[in-house]
Amino acid sequence: MVLAHPVPNPDFKFPGTPYHSAMPELAEVELARRQWAAFHGNTITSVDVHPKARIYRDCPAPALRILKGKTLLSSNAHGKRMLFTFGPGLHLEVHLGMSGKLSTAPVDHDEHKHDHLILRSTNAALIFNDYRMFGRVMLHDCEDPWADFPPQPQDSKFSLARVRKLIERHPKKPLKALLLDQKACPGIGNWMADEICWRLGLHPGISAAQLDPAPLRKQIRFVTLGALKHVAEKNQTASVDGFAPGSYVANVPPPNWLFQHRWKKGGTCPKCKTDLARDTIATRTTAWCPTCQKA
Ligand SMILES: [Zn+2]
């Protein structure tokens, strides 16, 4: 399947929107994966790398040339990682970091300054662009490099028993820290964690021991599945120039989500219109409603 190519915009700058630039979370990562996934079945005819780019700190750039002549068979996302499979024992893992983005362009795409990896097939150029280079790539030569990964919130294995176990294992952990723990809730990042706390009506700093596992699981799943719908699905056919919601994708979660209000100057709670509070919790800037979210 060949999708319409998003039009690359060489003048694009991270806009001064009310939203901060944010680490991509599971929905933005899934949106990024879908860019390249449109070219499953394509055989790579050339591999262009910037060998000195920091994205190659885990894997020397020349090693990527092994992908030449290989066919992109399938791809997966887990939490904040993506895995592109070129054979049973050959996978390219991609992390976007803060500013990495995956895009596609016509095959004669002229490389831009921050295009650190371009995989070209006869139909398209698959591009990893990263101007801050916190992202990274690595190769795996085993059958299933992710075999031991914990269940993601959107998986059926993220059961009530699983959530109960997470609470029991980390009773003193603040709610926000538990949500950000990538072994507990892979793919949940700062904005999704704030959204979950707000929907639970709980202060993000309360300890896990005080949590009721059933509503916690329900809200984690609601926000995860909603984020995938509003960010990954609704932008899939839009002309996206990246992945970060509120910054440069066309569609974001609706105004009755905390998402649209949490970074606005003078942002208020979409439920009760109280001014949102902000502080650092679990090392991350956190927004919450002092009226709806009790300590
Ligand atoms: Zn409120």
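How many residues does helix α5 have, and how far does α5 reach from its first C-alpha to its last? Helix α5, residues 213–233, has 21 residues and reaches 28 Å. The legends below start with the basis of the model.

**Figure 1. Confidence along the predicted chain.** This is a predicted model, in which local features need pLDDT of at least 70 and side-chain atom pairs count only at pLDDT 80 or more, while totals for chains, interfaces and linings use all residues. Residues are numbered from 1 along each chain as its sequence is written. The predictor's confidence in each residue, pLDDT, runs from 0 to 100. For the protein chain the mean pLDDT is 88, and 88% of its residues reach 70 or more. Over residues 1–21 pLDDT stays under 50, and the model has 33 contacts beyond four places in sequence for them. Residues 242–247 also have pLDDT below 50, with 25 contacts beyond near neighbours in sequence. A contact is a pair of residues whose C-beta atoms, placed from the backbone, lie within 7 Å.

**Figure 2. Helix α5 and its buried side.** The 28 Å reach of α5 is close to the 30 Å expected at 1.5 Å a residue, the expected span being 1.5 Å times one less than the number of residues. Buried residues in α5 include Leu-216, Ile-220, Val-223, Ala-227 and Val-231. Helices (H or I, at least four residues) and strands (E, at least two) are DSSP runs, numbered from the N terminus.

**Figure 3. The open sheet β2-β3-β4-β8.** Four strands pair in the antiparallel sense in this order; pairing requires that DSSP finds at least two bridges between two strands. β2 (74–78) and β8 (136–140) stand at the edges with a single partner strand each, so one side of each has no neighbour in the sheet. Strand β4, residues 90–95, is joined to β8 by five bridges, and Glu-93 stands opposite Met-138 in β8. Helix α1 (residues 26–37) lies across β2 and β3 (81–87), at about 175 degrees to β2. Axes are lines fitted to C-alpha atoms, for helices over the stretch in contact, with angles from 0 to 180 degrees between N-to-C directions.

**Figure 4. The open sheet β1-β6-β7-β5.** This sheet has four strands with antiparallel pairing. Its edge strands, β1 (46–49) and β5 (100–105), each pair on one side only. Four bridges join β1 to β6, residues 115–120, and Ile-118 in β6 is the bridge partner of Asp-48. Helix α1 lies across β5 and β7 (125–130), at about 25 degrees to β5.

**Figure 5. Met-23 in the segment before α1.** Met-23 counts as partly exposed because it has 18 C-beta neighbours inside 10 Å. A residue is buried with 20 or more other C-beta atoms within 10 Å of its own, exposed with 12 or fewer, and partly exposed in between, with C-beta atoms placed from the backbone. Leaving aside neighbours within four places in sequence, Met-23 is in contact with Met-98, Gly-189 and Asn-190.

**Figure 6. The hairpin of β9 and β10.** Strands β9 (residues 277–281) and β10 (residues 284–288) are antiparallel and pair over five bridges. Ala-277 stands opposite Trp-288 in β10. Two residues lie between the strands, and Ala-282 takes a positive phi near 55 degrees.

Terms used
Two residues are in contact if their C-beta atoms, placed from the backbone, lie within 7 Å.
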